[in-house]
Amino acid sequence: MAKLQKSIDKRNALIKATIELVNNNGFHATPMSKIAKMANVSPATIYLYFENKQDLVNKTYLEVKAAYTDFAFATYSDEVSVESGFETIWKRIAEFKQTELDKAMFLAQCDNTPMIDEPSVQQGIKHLQPLLDLWERGKQEGVIKPLSNYILYAYAINPLSFLMMAQKRGNFQLDQTQMDAAFQSAWSSIKTIEHNI
């Protein structure tokens, strides 16, 4: 049992090192040797857990994406109105981005690079299914604009990454007032005109 835990710890250390190094140096300036050194394992150990750097990055992405979406949907119920459901999910995403900054930054990098392979990107999108289903229901009910989910995500969710980076740099403070204003902006960007309050 101790051997299994040691193996899990090594794998987790490699994932953590990958996130930190990619956040600080980018994908291409993060060689396997640096990841191994930071994780305090021999370079050969990486290959016990991952086929190559692409596999390591893809699996790190999917693990972080799963943690992100598990957190985002933990308090969501599809029994509520579209607006209420979106608010719950959006605020949980905002909380994740504030409390899990390293993971959020890593996902933001993954969203803006061709480094993640297409099967992993598609698998990552599946993790967002509750949000996509909510938007689909919203479109059917005439509450959400009939736009591509990519456009909805770009306008309603992606701005949180920008605000997160502005806060990290000390240019902006996402306090409760700003959070409420950001949510209202996100909701306004995707709701239909008929559903103005």
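I will go from the overall fold to one helix, and then to a group of rings.

Keep in mind that this is a predicted model. Along the principal axes, the C-alpha atoms fill a box of roughly 60 × 35 × 35 Å. Of the 197 residues in the chain, 42% are buried. The chain exposes about 10,800 Å², with carbon and sulfur atoms supplying 54% of that. For contacts between residues at least 6 apart in sequence, 72% join residues at least 24 apart.

Next, the inside. How many residues does the largest nonpolar core have? It has 58, and the ones with the most contacts inside it are Phe86, Trp90, Trp135 and Ile157. Helix α4, residues 53-73, gives the largest share of this core, with 8 residues.

Now look at helix α5, which runs over residues 82-99. The buried residues of α5 include Val82, Gly85, Phe86, Ile89, Trp90 and Ile93. An α-helix has 3.6 residues a turn, so residues three or four places apart point the same way. Arg92 and Lys97 are also on the buried list for α5. The cover over the buried residues of α5 includes helices α4, α6, α8, α9, α10 and α11.

That brings me to the rings. A search of the whole structure finds 8 aromatic pairs. In one of them, the ring centres of Phe86 and Trp135 are 6.4 Å apart and the planes meet at 40°, so this pair is tilted. Phe86 is in α5 and Trp135 is in α8, residues 129-140, which puts the two 49 residues apart in the chain. Is Phe86 buried or exposed? Its relative accessibility is 0%, so Phe86 counts as buried. Trp135 also has 0% relative accessibility and therefore counts as buried.

Phe86 has another partner, Trp187, and that pair is tilted too: 5.8 Å centre to centre, with 35° between the planes. Because Trp187 lies in helix α11, residues 176-190, this pair ties together parts that are 101 residues apart in sequence. Trp187 is buried, as is Phe86. Ring pairs link Phe86, Trp90, Trp135, Phe183 and Trp187 into a cluster.

What does Trp135 touch, leaving out residues up to four places away in sequence? Its contacts are Phe86, Ile144, Asn149, Leu152, Tyr153, Ala156, Ile157 and Ile190.

Two charged residues also meet rings. The charged end of Lys91 sits over the ring of Phe183, 5.6 Å from its centre. The charged end of Arg92 sits over the ring of Phe71, 3.8 Å from its centre.

Thr18 is in helix α1, residues 2-25. Thr18 counts as buried because its relative accessibility is 0%. Leaving out residues up to four places away in sequence, Thr18 touches Ile35, Leu56 and Thr60.

That is the end of the tour.

Definitions and conventions: Residues are numbered from 1 along each chain as its sequence is written. This is a predicted model: local features need pLDDT of at least 70, side-chain atom pairs count only at pLDDT 80 or more; totals for chains, interfaces and linings use all residues. Side-chain values use heavy atoms; hydrogens and water are left out. A nonpolar core is a set of buried Ala, Val, Leu, Ile, Met, Phe, Trp, Tyr and Cys residues joined through side-chain atoms within 4.5 Å. Buried means under 20% relative accessible area, exposed over 50%, partly exposed in between (1.4 Å probe, protein chains only). Helices (H or I, at least four residues) and strands (E, at least two) are DSSP runs, numbered from the N terminus. Contact means heavy atoms within 4.5 Å. Rings of Phe, Tyr and Trp (its six-membered ring) pair if their centres lie within 6.5 Å; planes under 30 degrees apart count as stacked, over 60 as edge-to-face and the rest as tilted. A charge sits over a ring if NZ of Lys or CZ of Arg is within 6 Å of the ring centre and within 35 degrees of the ring normal. Accessible areas come from the Shrake-Rupley method with a 1.4 Å probe; for residues, only the protein chains shown count as cover.
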